[in-house]
Amino acid sequence: MDALKCIKERRSIRKFTDEKIAQADVENLVEVARFAPTWKNSQSIRFVAVFDEAVKSKIAEDAVMGFEGNKNIINGAPALIIIATVDKRAGYERDGSFSTSKETHWQSFDAGIETEAFCLAAHEAGLGTVIMGIYDEDKVREIVKLPEGQSVSALVALGHPAEEPNAPKRKEVADLLTVI
Ligand SMILES: Cc1cc2nc3c(=O)[nH]c(=O)nc-3n(C[C@H](O)[C@H](O)[C@H](O)COP(=O)(O)O)c2cc1C
């Protein structure tokens, strides 16, 4: 698929068919996402793929801060991807000090770029995703037993789309771009 078409046509998918997602499907998406740029090529993004229904439903019930929307998405998705980041790599010097005044910001920046690459690769493969930011980090961490020294940056539901939503309205270029 043409790259521009892929960027413009990807939509957040919140309803999925019952068709399963294979581990190989997720491997193929991570295979692409790993080419995303990262701070000094630090490559500190990690992916935890949850297929186990019991674990998935525990996250849906206990770790989305009661947000019904995300609860339904996670329960209805065949796979849930936890986007994790290894702490103190992106935006840090070797001695552990911050590289810039934006401090921890670059960790999430890297996670965002890599997550979008993952979602675009999924769209190209005919799969649907939605990035979710409403979750309880401590609970997700505990449920999936995230290794010490890693943080949760986002959750991504993954499956075969059961809807074709229209694009939510976008601002015009003139509203977004300042030329100096
Ligand atoms: C950082 C981030 C957090 C988001 N969190 C949620 C969420 O918790 N639940 C949800 O249903 N959608 C969530 N979304 C999806 C946005 O609502 C969606 O991207 C936006 O409405 C634009 O729609 P589109 O992705 O179809 O273009 C999130 C998106 C981003 C980038």
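Why does Ile21 count as buried? In this predicted model, Ile21 has 21 other C-beta atoms within 10 Å, and the cut-off for a buried residue is 20 or more, so Ile21 makes it into that class. Ile21 sits in the loop between H1 and H2. Leaving out residues up to four places away in sequence, Ile21 touches Val26, Pro78, Ala79, Leu158 and Gly159. Ile21 and Ala157 are 136 residues apart along the chain, yet their C-alpha atoms are separated by 11 Å.

Now for the whole chain. The protein has seven helices and four strands, and from the N terminus they run α-α-β-α-α-β-α-β-α-β-α. The C-alpha trace spans about 50 × 45 × 30 Å along its principal axes. A compact globule of 180 residues would have a radius of gyration near 16 Å, so the 17 Å found here agrees. Of the 180 residues, 31% count as buried. Take the contacts between residues at least 6 apart in sequence: 78% of them join residues at least 24 apart.

In soluble globular proteins, nonpolar side chains tend to be buried together. Here the largest nonpolar core has 35 residues, and Ala77, Leu80, Ile82, Val156, Ala157 and Leu158 have the most contacts inside it. At least two residues of this core come from each of H2, S1, H4, S2, H5, S3 and S4. Setting aside neighbours within four places in sequence, Leu80 contacts Val50, Lys56, Ile59, Ile74, Leu155 and Ala157.

H5 has 20 residues and reaches 29 Å from first C-alpha to last, close to the 28 Å expected. Its buried residues include Trp106, Asp110, Glu114, Phe118 and His123. These are the elements that the buried residues of H5 pack against:

| Packing partner of H5 | Residue range |
|---|---|
| Helix H1 | residues 3–9 |
| Helix H2 | residues 23–33 |
| Strand S1 | residues 45–50 |
| Strand S2 | residues 79–86 |
| Strand S3 | residues 128–132 |
| Strand S4 | residues 150–159 |

After H5 comes Gly126, with a positive phi near 85°.

Finally, the ligand. Around it are Arg11, Ser12, Arg14, Gly69, Asn70, Val130, Ile131, Met132, Gly133, Ile134, Ala167 and Pro168. Helix H4 and S3 are the elements that give two or more residues to this shell, and S3 gives the most, with three. By type, the shell divides into six nonpolar, four polar and two charged residues.

Notes. Residues numbered from 1 in each chain as written. Predicted model: local features only at pLDDT ≥ 70, side-chain atom pairs only at ≥ 80, totals over all residues. Expected span 1.5 Å × (residues − 1). Buried ≥ 20, exposed ≤ 12 C-beta atoms within 10 Å, placed from the backbone. Contact = placed C-beta atoms within 7 Å. Near = placed C-beta within 6 Å. Nonpolar A, V, L, I, M, F, W, Y, C, P; charged D, E, K, R; others polar. Core = buried A, V, L, I, M, F, W, Y, C linked by C-beta atoms within 7 Å. Rg over C-alpha atoms; globule rule 2.2 N^0.38 Å.
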